[in-house]
Amino acid sequence: MAKHIHEIRDPIHVFVRLDSDERKVVNSPPFQRLRHIHQLALSYLVYPGATHRRFEHSLGVMELARRVYDVITHRDNRHDRVGSLFPGQDQLIEWSKTLRVAALCHDIGHLPFSHAAEKELLPKDSTHENLTVALINSPMMTKVWEDLEFTLRPDRIAKLAVGPKKAGKPFDSWESILSEIIVGDSFGVDRMDYLLRDSLHTGVAYGKFDHYRLVDTLRVLPETNDDSAEPALGVEAGGRESAEALLLARYFMYSQVYFHPVRLAYNIHLQDFMKAWIGDSGLGKDLNEFLELTDNEVLVAIRKAVNEKSSPAYEAADRIMHRKHLRVLYERNPTDQQTNLRAVSAVYKSAVETFGSDKIRRARKLGEDEGTIFPVKTRDGRIISSLAASEVLMRLPVIAYDYVLVVPEMRAEAEKWLQANREDLLKETLPEGEEQ
């Protein structure tokens, strides 16, 4: 039976096209649930347009995965030293279908409001990727796989969807390349789509880059000129600037949008609420319980808690609903770091001692610079590292933030305190082993 092609309008890719099998996956309950999971958690309280969901993002990831796969597998684009990596035509078709479905399913394990409260709701050492794998292999999705006209292996779908870091299983070179297309640090289409999509919906220009040129110049390349080098996704020289633009877009989106201090403050309040509402037991491993919980249920619970002052979740709900979010008291800055590398820790420790741990919070993430190293094919045919090919990437700052936050009702008092004590705090020496 011939498969119908279905078209879905998309603000980034214009059209996303699915065949009948892929539409069955989209219509499955785990995927439809993504219509009710915000891509950027409570960011719409800072950027009102950021109300987009994981649903449309996952469709976009599938569309980009198709484009990248078609480019890198084209016979004219295969590097001589990795030509044996590519399977025969029949297998290429099978892997293409597997890749597209894996791209569709890569986010089905996300919790309410995406990453914001993941640590608070899942058992220790568990992540949304674990839930993604469990759902792909669940009886619910098994019925979907069995109903497809083209037979696909769910174990392969799961591996490609989460990648080697999360799958916990060995990958051969071909599987590693395919998973890199979806979740790779440098050229993963998950990253490409969320940068473009989040930039559009937040109303900023930081996430834009020439993804058309980048995709057209992606190649599977040996990592180095060494004959034993492993293959990896790289770029031809003509696409180097587009690759730089992607990584610069990522840097600016993180520093200006994802790590916006008010957004981080709302993440803290959401985490506090979820922990108080669901309890220390978290979500556990019950997939049916997980599938029934979306942003909708959480928002209803927040609205209910804000009207019950006796509720343990009241304060967090009140701060979310009535915009009583934490404010910045102090933030990491190069000038103070030159005086005292542990300046933020010194301010945070002293502020907690002065005002209490319930009034002072810290939000921090340090030293993230992944994705800047990949092979580049020069115009004379050599393979060199991206860091050797690009002065821009050599100088790209790491992505980091470190804020000391204070409840708004004590902000004025805390700012006066900091102004009076800043000089002494910067001279303070913390005990050995104290976190920086």
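This is a predicted model: local features need pLDDT of at least 70, side-chain atom pairs count only at pLDDT 80 or more; totals for chains, interfaces and linings use all residues.
1. A residue is called buried here when its relative accessible area is under 20%.

2. Helix α8 spans residues 154–162 and is mostly covered, with 7 of its 9 residues buried. The buried residues of α8 are Arg156, Ile157, Ala158, Lys159, Leu160, Ala161 and Val162.

3. Several other helices contribute to the cover over α8. Directly after α8 comes glycine 163, which has a positive phi near 85°.

4. Strand β4 covers residues 231–236; 5 of these 6 residues are buried, so the strand is largely enclosed by the rest of the structure. It pairs with strand β3 (residues 218–222) in the antiparallel sense, over 5 bridges. Within this pairing, valine 235 of β4 has leucine 218 opposite.

5. Strand β4 also pairs with strand β7 (residues 375–377); the two run parallel and are joined by 2 bridges. Here glutamate 236 lies opposite lysine 377 of β7.

6. Strand β9 (residues 399–406) is likewise largely enclosed by the rest of the structure, because 7 of its 8 residues are buried. Its antiparallel partner is strand β5 (residues 327–331), to which 4 bridges join it. Valine 406 in β9 is set opposite arginine 327.

Technical notes
Residues are numbered from 1 along each chain as its sequence is written. Side-chain values use heavy atoms; hydrogens and water are left out. Buried means under 20% relative accessible area, exposed over 50%, partly exposed in between (1.4 Å probe, protein chains only). Two strands pair if DSSP finds at least two bridges between them.
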